[in-house]
Amino acid sequence: MDDKILHTLEYRKILNKCVSYAQTSMGKQITENLQPETDLELVKRLLQATDEAYTVDRLKGVPSFGGISDVSAALKRAKIGGTLNPHELLAIGNTVYGSRRIKRFISQMNEDEPLQLLMGISENISEQKSLEDSIKFCISEEAEVMDSASPGLAQIRRELRGGEARIREKLDNMIRSSSVAKMLQDQLVTIRGDRFVIPVKAEYRSYFGGIVHDQSGSGATLFIEPESIVAMNNKLRETRMKEEREIEIILQKLTALVGDQADLMLYDLDLVGQLDFIFAKARLAHVMKASMPKMNDRGFLKLRKGRHPLIEMDKVVPIDVELGNSSTSIIVTGPNTGGKTVTLKTIGLLSLMAMSGLFVPAEEGSQLCVFDAIYADIGDEQSIEQSLSTFSSHMTNIIRILKNMTPKSLVLLDEVGAGTDPAEGSALAIAILENIHQTGCRMVATTHYSELKAYAYERKAVINASMEFDVNTLSPTYRLLVGVPGRSNAFAIAERLGLPNKILEFARGEVTEEDQRVEHMIASLEENRLGAEVEREQAEKLRQEMEQLRSQHQQELEKLEQQRDRLIEKAQTEAREVIAKARREAEEIISDLRQLAKEEGASVKEHKLIAARKMLDEAEPQQRQKTKARKTKAPRKIEAGDEVMVYSLNQKGHVVELAGSKEAVVQLGIMKMKVRLDDLELVQSHEAAAKQAQRQATTVKRTRDENIRSELDLRGANLEEALIEVDRFIDEAFLGNLGQVYLIHGKGTGILRKGITDYLHKHKHIKSFRLGNYGEGGTGVTVAELK
């Protein structure tokens with residue numbers, strides 16, 4: 001991509017923003033060198049990587065790249081045999097640790113969210129754990145070689161500390177002596193040139209044997225090494241030289257370890273830099289409130305609420321623009337300072353950002369194209385050095401664009417044909433636009449010439465657009481109106497500013513009737529557009545509200561279903577416990593009966609015992625399958641009389657009648673309710689039910705009495721009374737053809753509930769029973785389903 005175009009569209013300013021979010025020098029360098037790509041698949045991969053990092057940033061935040069530094073120079077020196085110093089080795093150890101930490105972080109995130117591209121990069125980072133341990137075993141956090149680096153170094157440093165202690169002890173004894181103390185400037189021991197000395201007054205120099213190593217600035221103090229410790233200091237110096245040689249050996253060994261892995265670690269640095277760069281793009285997208293655009297290579301561009309990323313979000317006016325389907329060129333007209341140039345730059349800059357793998361500040365659903373090149377002639381580029389006027393400068397740029405553009409290019413022209421005679425300029429502008437349009441590339445051009453409005457109207461795939469102007473406030477709104485050519489608004493502005501009507505009427509008379517009709521047509525178009533836009537916004541708002549309500553309803557429904565499943569599972573668990581207890585008691589009784597039969601010679605028929613045990617097994621409730629989302633099936637026609645399944649209630653019923661084209665009245669036990677047809681599934685048609693009834697040899701017809709109750713209140717009754725009432729009530733309900741009944745026993749101590757459930761286990765008319773759900777009375781109600 002031409003650097004001049006990148007400068008014109010302020011692409012580098014976006015990169016500078018992105019650089020500020022990179023944490024390593026490698027990531028910053030990659031960001032600074034970022035260029036738009038022209039391969040669609042590569043651009044999609046770059047955007048996918050940004051999207052994965054954006055997901056990580058949203059869930060856990062951007063990982064820290066702290067401790068990682070660019071150690072490539074040290075690695076290259078180690079590779080050719082140079083010895084690294086402790087600071088360089090410490091930096092390498094920290095970088096290895098930081099790289100491994102980043103790799104572990106991405107691996108953990110991948111378990112929650114698939115991060116295909118980030119994992120592909122991080123998996124290739126080598127884990128130099130042994131090298132890191134070797135460095136940290138020898139080099140401290142202060143970049144000093146530690147005693148533990150080798151046994152030899154530890155021994156040498158013990159000798160050093162012992163020698164220093166002996167020298168200090170001897171000098172301390174000397175300066176505490178009364179005869180020596182009066183000759184000293186200060187009673188202290190200090191060091192000059194790695195030698196221990198004491199500060200002696202200059203006038204006592206002759207009384208002291210030894211070596212003078214330094215003197216004060218005034219010359220009043222001499223720093224003398226007493227002769228009695230010269231040999232000791234010499235010994236200490238030799239020990240320090242041994243320490244330096246041992247440290248050099250240790251550093252060489254560590255450097256050799258680094259050199260062996262230098263190539264791998266250089267590759268790791270590049271991978272870490274790429275990860276840092278990708279997360280910098282994600283952070284930029286988060287700050288700009290940007291989204292990932294859909295990409296194509298067929299020249300289609302659609303921005304929804306696109307914003308220029310360099311204008312403050314509370315001041316920028318978003319634009320909606322579509323290019324490449326019904327129209328390949330847009331001609332934008334409007335007043336100066338109306339936002340035409342910003343619109344051009346927004347389209348161009350957002351295209352460059354998307355082609356670089358950056359998210360764009362636009363709403364979800366925006367689409368951008370991968371162009372082979374973007375060309376722009378924007379702004380006043382008058383050159384005094386080259387003796388070029390504004391017009392000449394524009395023509396030079398346009399000629400270069402005409403030579404290089406292809407059908408897969410995007411061309412942006414600002415004030416095409418401006419800077420010369422209006423008649424010639426408009427003719428030249430039309431000729432240039434027609435030539436570009438015939439090439440088949442995508443083009444957006446701005447102009448002041450009214451002739452170009454007619455050109456756009458007459459040409460297929462060329463569309464007018466304008467920047468909205470508020471006549472009431474005499475100021476532009478900076479909104480792009482696609483499909484509406486711009487109006488001059490000169491008369492309206494002059495009238496509001498107070499120009500006399502006499503002058504205005506004379507001016508209007510100078511305008512041709514055809515031009516006046518065009519202005520009225522444009523005004524009518526704009527008025528209709530404003531009305532349509534208000535209606536569209538209202539419809540969109542209503543759609544969003546309905547979508548939100550639907551989502552809330554779905555969530556509440558899922559919550560209720562989960563709660564129902566939990567309650568049923570709890571009830572079944574309790575029932576199984578009761579059955580298990582009853583089985584144990586029954587087995588004990590059976591065992592006692594057998595024992596009694598043996599003792600007294602009585603006869604107990606074994607098959608009866610087996611049958612009783614089988615009945616007890618069958619009484620155990622089966623595990624209810626949790627409600628699953630049903631698959632959408634092809635709709636089957638439902639008619640009155642059909643047996644249907646109501647999915648939202650998980651119950652069967654019969655269709656009484658159809659209520660319109662979308663609902664039906666369904667009989668569910670004693671209740672009738674309206675249910676949507678898409679919530680019903682046909683179980684058995686009424687014709688099939690009639691045929692089945694005819695095939696039966698004998699039938700018992702049960703008729704339902706409308707006065708039969710569907711619930712029985714037992715609160716306050718004792719267990720014996722309650723069971724009598726329950727038995728009579730169930731018989732009546734069975735004869736009345738009720739499908740489901742409610743037994744209200746209250747919560748209390750649970751004795752009444754347990755007795756009723758024990759009774760229901762053995763009742764021949766009961767198919768199943770459960771505790772009430774939320775809204776039915778909870779554990780204070782037992783709901784029984786009849787056979």
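**Entry 1: arginine 195**

I began with the neighbours of arginine 195: leaving aside residues within four places in sequence, it is in contact with Thr190, His213, Glu225, Val230, Asn233, Asn234 and Arg237. A reminder to myself that this is a predicted model. Next I looked up where arginine 195 sits, and the answer is strand S2. Buried or exposed, I wondered about arginine 195? Its relative accessible area is 12%, and the cut-off for buried is under 20%, so arginine 195 is buried. I also checked its side chain, which makes a polar contact of 2.8 Å with the side chain of asparagine 234.

**Entry 2: the sheet around S2**

Having landed in S2, I followed the sheet. I found 4 strands in an open sheet, ordered S1-S2-S4-S3, with antiparallel pairing. Which strands are at the edges? They are strand S1 (190–192) and strand S3 (210–215), each pairing on one side only. From one strand to the next, the twist averages 50 degrees.

I then zoomed in on the S1 and S2 pair. S2 covers residues 195–201, runs antiparallel to S1 and is joined to it by 3 bridges. Threonine 190 has valine 197 of S2 opposite it; threonine 190 also turned up among the contacts of arginine 195.

What packs on this sheet? I noted helix H9 (residues 151–176), which touches S1, S2 and strand S4 (221–226) and makes about 15 degrees with the direction of S2. Helix H11 (residues 230–260) lies across S2, S3 and S4, and I get about 145 degrees between H11 and S2.

**Entry 3: histidine 745**

On to another spot. Histidine 745 is in the loop between strand S21 (740–744) and helix H23 (751–762). With a relative accessibility of 6%, histidine 745 counts as buried. I listed its contacts, not counting residues up to four places away in sequence: Arg715, Leu752, Arg753, Ile756, Thr779, Gly780, Val781 and Thr782. Which of its side-chain partners is polar, and at what distance? Threonine 782 is the one I noted, with a polar contact of 2.8 Å between the two side chains. I also checked a pair 33 residues apart along the chain: the C-alpha atoms of histidine 745 and leucine 712 are separated by 8.6 Å.

**Entry 4: the sheet with S21**

I found 4 strands in the order S20-S21-S23-S22, forming an open sheet with mixed pairing.

How many bridges join S21 to strand S23? I get 5, with S23 spanning residues 781–786 and running antiparallel to S21. Within S23, valine 783 stands opposite tyrosine 742.

Two helices went into my notes. Helix H22 (residues 719–735) lies across S20, S21, S22 and S23, running at about 160 degrees to S21. H23 packs on the sheet too, touching S21, S22 and S23, and its direction makes about 155 degrees with that of S22.

**Entry 5: aspartate 57**

I looked up aspartate 57 and found it in helix H4 (residues 40–59). At 8% relative accessibility, aspartate 57 counts as buried. Its contacts, leaving aside neighbours within four places in sequence, are Val62, Ala282, Arg283 and His286.

**Entry 6: cavities**

The largest cavity has a volume of about 70 Å³. What lines it? I wrote down Val71, Leu75, Thr95, Val96, Ser99, Ser126, Gln128, Met265, Asp268 and Leu269. Helix H6 (86–112) and helix H12 (262–288) each supply at least two residues of that lining.

**Entry 7: positive phi**

Last, I looked at backbone angles. Glutamate 415 is not a glycine, yet its phi is positive, about 50 degrees. It is in the loop between strand S11 (409–413) and helix H15 (422–439), and at 17% relative accessibility glutamate 415 counts as buried. Alanine 461 also has a positive phi, near 70 degrees. I placed alanine 461 in the loop between helix H16 (451–458) and strand S13 (462–470).

Technical notes:
Residues are numbered from 1 along each chain as its sequence is written. This is a predicted model: local features need pLDDT of at least 70, side-chain atom pairs count only at pLDDT 80 or more; totals for chains, interfaces and linings use all residues. Side-chain values use heavy atoms; hydrogens and water are left out. Buried means under 20% relative accessible area, exposed over 50%, partly exposed in between (1.4 Å probe, protein chains only). Two strands pair if DSSP finds at least two bridges between them. Axes are lines fitted to C-alpha atoms, for helices over the stretch in contact, and angles run from 0 to 180 degrees between N-to-C directions. Contact means heavy atoms within 4.5 Å. A polar contact is a pair of N or O atoms within 3.5 Å; within protein, one must be able to donate a hydrogen and the other to accept it, and residues adjacent in sequence count only if both atoms are side-chain atoms. On a 1 Å grid over the protein atoms alone, a cavity is a set of points where a 1.4 Å probe fits but cannot get out, and a pocket is an open set with protein on both sides within 12 Å along at least five of seven lines; lining residues have an atom within 4 Å of a point. Grid points are joined across faces, edges and corners, and a volume is the space filled by probe spheres set on the points.
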